[in-house]
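Thanks for coming, everyone. Let me put the model on the screen, and then we will walk through it piece by piece.

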Amino acid sequence: MSGPALSYATWHTDPTREAAMEESHRPFWRHFIETIPETDLSTRDILDFGCNRGGFLRLLHALKPFRRALGIDIAFASVAAARELAGTAPIEYEVASDVSGWSDRFDLAFSYEVIFLLPDLAAHAAGIHAALRRGGVYYAVTGCHTGSPLWSAWRDRIGESTNAPVQDRSPEDYADAFTAVGFEISVRRFGYAGFVSVSKDRSTFPRLIDAVDYPAEHKLLFRFVK
Ligand SMILES: C[S@@+](CC[C@H](N)C(=O)[O-])C[C@H]1O[C@@H](n2cnc3c(N)ncnc32)[C@H](O)[C@@H]1O
C-alpha cells in the first residue's frame, strides 16, 4: 500500500470528471438516502467523509433536512466547488483527511465510495468513532472490495486515473477495522434497482448484466453504530 497524498486539487487526474461523477452518483445517493431507516434529521448533525463537490449533502438536505452538516475531502478544488454550490443550506465544507478536529460532534456520518481509498482504515474507524456522539451511526457504501467480481479489473484502472492510492480490501477487512474500535456492525447489499445508464464504452461494465448487478448485488452498505 502506498502512503496518503496530503492533498490534491481533484480526485480524478482529469478535473472535468469530478462534475461527471457527481451527475452519475446522484441516483445512487438518492437510493442511499431513501434506504437508511432515519427519516427525520431535523435535529441531527451530519458528516459526509469524502464529499468531493458536496452534492450528497445538498441532496440529503433537500430530501431529509438536517440541522447542520460538514463535508470534508482531501481534494481542495472540489471542496472549493462544493462551497460555491452550497447555496443557503446549513453545510460547511473543509479540506481535511481526518476528523480529529471534530470530536463528539455528529449524529450521523456518511461516506459513498471513499473507504477503499483510505490507507489507514484503523485510524479512519477510530476517528469516526470519536467524531460521533453516543448512539451515532456511520453509513459507508463501497463496491470496491475483493468480493466483487469486477474489482480485479477495476483496481489498477481506477488508480491510474485518480490521485488517491487505491486499497485492496475484502468486506471482512472493513468489518474487522470497525469492530476493533468498538462499533456494532451490520451490512446489506446496496440493492439499487433503478435504471442504470448504458454506455457505448464497455470498459467499466463489459456486460450489461454487470452494470445491473454491480449496484444491486456487489456494492455493500455498512451500518456502523457507536
Ligand atoms: C470516488 S470519490 C466519491 C466522492 C463522493 N463521495 C461521491 O459520492 O461522489 C472518492 C472521494 O474520496 C476522497 N478521498 C480520498 N481519500 C481521502 C482522504 N484520505 N481523506 C478525505 N477524502 C478522501 C477523494 O478526494 C474523492 O473526492
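At what angle do the axes of α1 and helix α2 cross? Hold that for a moment while I cover the ground rules.

This is a predicted model, where local features need pLDDT of at least 70, side-chain atom pairs count only at pLDDT 80 or more, and totals for chains, interfaces and linings use all residues. Residues are numbered from 1 along each chain as its sequence is written. Helices (H or I, at least four residues) and strands (E, at least two) are DSSP runs, numbered from the N terminus.

Now the helix pair. The axes of α1 and α2, residues 55-63, cross at roughly 40° and come within 10 Å. Axes here are lines fitted to C-alpha atoms, for helices over the stretch in contact, and angles run from 0 to 180 degrees between N-to-C directions. That angle makes α1 oblique to α2. On this scale, under 35 degrees is roughly parallel, over 145 roughly antiparallel, 65 to 115 roughly perpendicular, and the rest oblique. The crossing of α1 past α2 is right-handed.

Who makes the contact? From α1 come E22, R26, W29, R30 and I33, and from α2 come G55, F56, L59, L60 and L63. By class, that contact has 6 nonpolar, 1 polar and 3 charged residues. Contact means C-beta atoms, placed from the backbone, within 7 Å. For the classes, Ala, Val, Leu, Ile, Met, Phe, Trp, Tyr, Cys and Pro count as nonpolar, Asp, Glu, Lys and Arg as charged, and the others, Gly among them, as polar.

Next, a second pair. α4 packs on helix α6, residues 171-180, at about 45°, with the axes 8 Å apart. That makes α4 oblique to α6. This crossing is right-handed too. On the α4 side we have L121, A122 and A125, and they meet A177, F178 and A180 in α6. The contact of α4 with α6 divides into 6 nonpolar, no polar and no charged residues.

On to the ligand. How many residues surround the ligand? There are 19, and the closest are W11, G50, N52, S97 and Y112. To count as near, a residue needs its C-beta atom, placed from the backbone, within 6 Å of the molecule. Helix α1, residues 16-35, supplies the largest share of this shell, with 3 residues. The shell has 11 nonpolar, 5 polar and 3 charged residues.

Now the loop between β4 (106-112) and α4 (121-131), where V114 lies. Is V114 buried or exposed? V114 is buried, because 22 other C-beta atoms lie within 10 Å. The cut-offs: buried is 20 or more other C-beta atoms within 10 Å, exposed is 12 or fewer, partly exposed is in between, and C-beta atoms are placed from the backbone. V114 and C144 are 30 residues apart along the chain, with their C-alpha atoms separated by 9.2 Å.

E113 sits in the loop between β4 and α4. E113 is partly exposed, with 17 other C-beta atoms within 10 Å. Its phi is near 55°, a positive value in a residue other than glycine.

D104 also has a phi near 55°, positive in a residue other than glycine. D104 is in the loop between β3 (91-95) and β4. D104 is exposed, with 10 other C-beta atoms within 10 Å.

Two more stops. G194 lies in the loop between β6 (184-189) and α7 (208-218). It is exposed, with 10 other C-beta atoms within 10 Å. G194 touches P27 and H31, not counting residues up to four places away in sequence. G194 and F28 are 166 residues apart along the chain, yet their C-alpha atoms are separated by 8.8 Å.

Last, S7, in the segment before α1. S7 counts as partly exposed, with 15 C-beta neighbours inside 10 Å. Leaving aside neighbours within four places in sequence, S7 is in contact with I74, F76 and V95. S7 and A164 are 157 residues apart in sequence and 9.1 Å apart in space, C-alpha to C-alpha.

Definitions and conventions: A crossing is left-handed if the near helix is turned anticlockwise from the far one by less than a right angle, and right-handed if clockwise. Two residues are in contact if their C-beta atoms, placed from the backbone, lie within 7 Å.
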